[in-house]
Amino acid sequence: MLPLVKTSIPPREILMPMLERVLYSGYVAQGEVVDEFEKKFAEYIGGGYTLSLNSGTAALHIALILAGVKEGDEVISTALTAEPTNVAIKMVGAKIRWADVDYETGNISPDSIERVINSKTKAIIVVDYAGVPVDVKKITEISEKYQIPVIEDAAHALGSKYKNKRAGNHFPFTVYSFQAIKHLTTIDGGALQVLDKDLYEKGKIIRWFGLDKKLTRMDNNIQIQGYKYHMNNVNASIGITQLAEIENLIQVYIDNGKFFDEQLKNVKNVELLNYYRDTEPSYWLYTLKVENRAGFIKMMTENGVMASELHKRNDLHAYLNDFPSELPNLDRFYNKMVHIPCGWWITKEDRERIVTLVKQGW
Ligand SMILES: *Cc1c(COP(=O)(O)O)cnc(C)c1O
């Protein structure tokens with residue numbers, strides 16, 4: 001079966017010497033290897049400051065704290081995402097206010113965001129779902145008009161671009177996950193890209209118990225709540241070897257995604273997404289809308305290709321559904337959407353076969 005997601009680990013000859021050196025170096029905690037990973041990651045993103053962390057969820061949590069979200073506040077979010085996006089909002093004691101999605105992309109709808117903004121709204125979380133960038137232009141306009149910070153959850157979208165710049169350059173906070181099945185894995189890990197230097201410095205303190213690592217323990221005087229969210233040298237060493245090949249790896253996702261965009265146009269019972277102007281997806285999954293989804297999934301599965309909706313819409317979790325809302329576009333999108341694999345393990349023959357299967361119908 002061609003899986004929908006698959007872990008990519010660098011070849012033994014490249015990874016093992018580096019990993020072994022770090023493991024037996026006597027220093028496996030957060031140290032210079034982490035600094036090196038952060039430096040290289042920031043270079044890859046091309047702007048902002050990188051706060052490496054032990055998960056993407058930690059990145060979301062710190063972003064919400066840095067955005068000033070407190071207990072009783074509201075955060076606007078989307079229900080079409082992995083659960084961590086919304087669980088993190090509850091970690092700061094805030095309530096989740098749903099915005100609807102845009103039927104063309106499945107991403108949060110700027111118009112819907114604007115409709116649910118109120119005096120309690122303290123942040124907006126947007127998700128580049130399945131690797132498709134959000135409507136950066138319109139969301140930025142709304143953020144500026146109402147002076148509400150945006151957190152971009154780019155856990156699916158490492159390497160995606162808007163106006164030729166990678167995710168990480170567009171909003172004050174951008175979240176990445178290096179969990180097992182993401183584009184880049186450090187086994188577990190994450191990063192928060194912060195555009196403002198002072199907020200980045202504050203983030204460093206929050207990720208380490210509220211302690212300032214530049215000072216001795218005795219000279220420290222904790223002022224704010226911190227956590228144990230840092231990355232360690234072992235995970236960072238895996239990250240460094242992954243980064244060396246990341247452009248090539250993501251390019252395979254993109255080539256396969258573009259191939260499907262081209263080949264699945266005008267196929268009966270298939271609707272393709274309509275990406276926003278000036279955006280380039282990094283196609284973590286390939287998303288399409290189909291009639292009779294159950295039939296589609298059955299046909300693909302019988303032919304050895306995994307197809308699935310993957311995520312449960314988050315408003316179906318009672319704990320996350322703070323304000324039950326009518327989300328008509330999500331209803332329509334969620335009924336038809338399905339993901340098919342398009343990652344680094346999909347060969348040219350595989351993708352041809354997938355296209356043939358879809359064209360044959362179900
Ligand atoms: C994976 C993921 C996260 C969380 O990342 P972890 O590293 O697993 O904590 C957050 N948001 C989305 C959309 C994800 O897919």
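**A walk through a predicted model**

Ser77 is buried, with a relative accessible area of 0%, in a model that is predicted. The place of this serine is in strand 2, which covers residues 74-77, and the side chain of Ser77 makes a polar contact of 2.6 Å with the side chain of Asn86. A residue counts as buried when its relative accessible area is under 20%, so the value of 0% puts Ser77 in that class.

For a contrast, we can turn to Lys213, which lies in the loop between helix 7 (197-206) and helix 8 (233-263). Lys213 has a relative accessible area of 44% and is therefore partly exposed, since that class runs between 20% and 50%. From Lys213 to Thr85 there are 128 residues in sequence, and the two C-alpha atoms are 28 Å apart in space.

The next stop is the ligand, which is surrounded by 15 residues, and the closest of them are Thr57, Asp153, His156, Ser177 and Lys182. Which elements give two or more residues to the shell around the ligand? They are helix 3 (56-66) and helix 4 (83-91), and helix 3 provides the largest share, with 3 residues. Sorted by class, the shell consists of 9 polar, 4 nonpolar and 2 charged residues.

A polar side-chain atom of Thr57 lies 2.5 Å from an oxygen atom of the ligand, and for a polar side-chain atom of His156 the distance to a ligand oxygen is 2.7 Å. Gly56 takes part through its backbone instead, with a polar backbone atom 2.8 Å from an oxygen atom of the ligand. On its own the ligand has 380 Å² of accessible area, and the protein covers 90% of this.

We now come to the aromatic rings, of which the structure holds 15 pairs. A pair of aromatic rings is described by the distance of the centres and the angle of the planes. In the pair of Tyr103 and Phe333, the ring centres are 6.3 Å apart and the planes stand at 85 degrees, so this pair is edge-to-face, a term that applies when the angle is over 60 degrees. The pair links distant parts of the chain, because Tyr103 is in the loop between strand 3 (95-98) and helix 5 (110-116), while Phe333 is in helix 10 (residues 328-336), 230 residues apart. Both Tyr103 and Phe333 are buried. Tyr103 also has a charged neighbour, for Arg332 lies over the face of its ring, at 3.8 Å from the ring centre.

Another edge-to-face pair is formed by Tyr275 and Tyr283, whose centres are 5.9 Å apart and whose planes make an angle of 90 degrees. Is each of these two tyrosines buried or partly exposed? Tyr275 has a relative accessible area of 24% and is therefore partly exposed, whereas Tyr283, at 3% relative accessibility, counts as buried. Both tyrosines belong to a cluster in which ring pairs link Phe259, Phe260, Tyr275, Tyr283 and Tyr286. One ring of this cluster, that of Phe259, has Arg351 over its face, at 4.2 Å from the ring centre.

Notes:
Residues are numbered from 1 along each chain as its sequence is written. This is a predicted model: local features need pLDDT of at least 70, side-chain atom pairs count only at pLDDT 80 or more; totals for chains, interfaces and linings use all residues. Side-chain values use heavy atoms; hydrogens and water are left out. Rings of Phe, Tyr and Trp (its six-membered ring) pair if their centres lie within 6.5 Å; planes under 30 degrees apart count as stacked, over 60 as edge-to-face and the rest as tilted. Helices (H or I, at least four residues) and strands (E, at least two) are DSSP runs, numbered from the N terminus. Buried means under 20% relative accessible area, exposed over 50%, partly exposed in between (1.4 Å probe, protein chains only). A charge sits over a ring if NZ of Lys or CZ of Arg is within 6 Å of the ring centre and within 35 degrees of the ring normal. A residue is near a molecule or strand if one of its heavy atoms lies within 4 Å of it. A polar contact is a pair of N or O atoms within 3.5 Å; within protein, one must be able to donate a hydrogen and the other to accept it, and residues adjacent in sequence count only if both atoms are side-chain atoms. Accessible areas come from the Shrake-Rupley method with a 1.4 Å probe; for residues, only the protein chains shown count as cover. Ala, Val, Leu, Ile, Met, Phe, Trp, Tyr, Cys and Pro count as nonpolar, Asp, Glu, Lys and Arg as charged, and the others, Gly among them, as polar.
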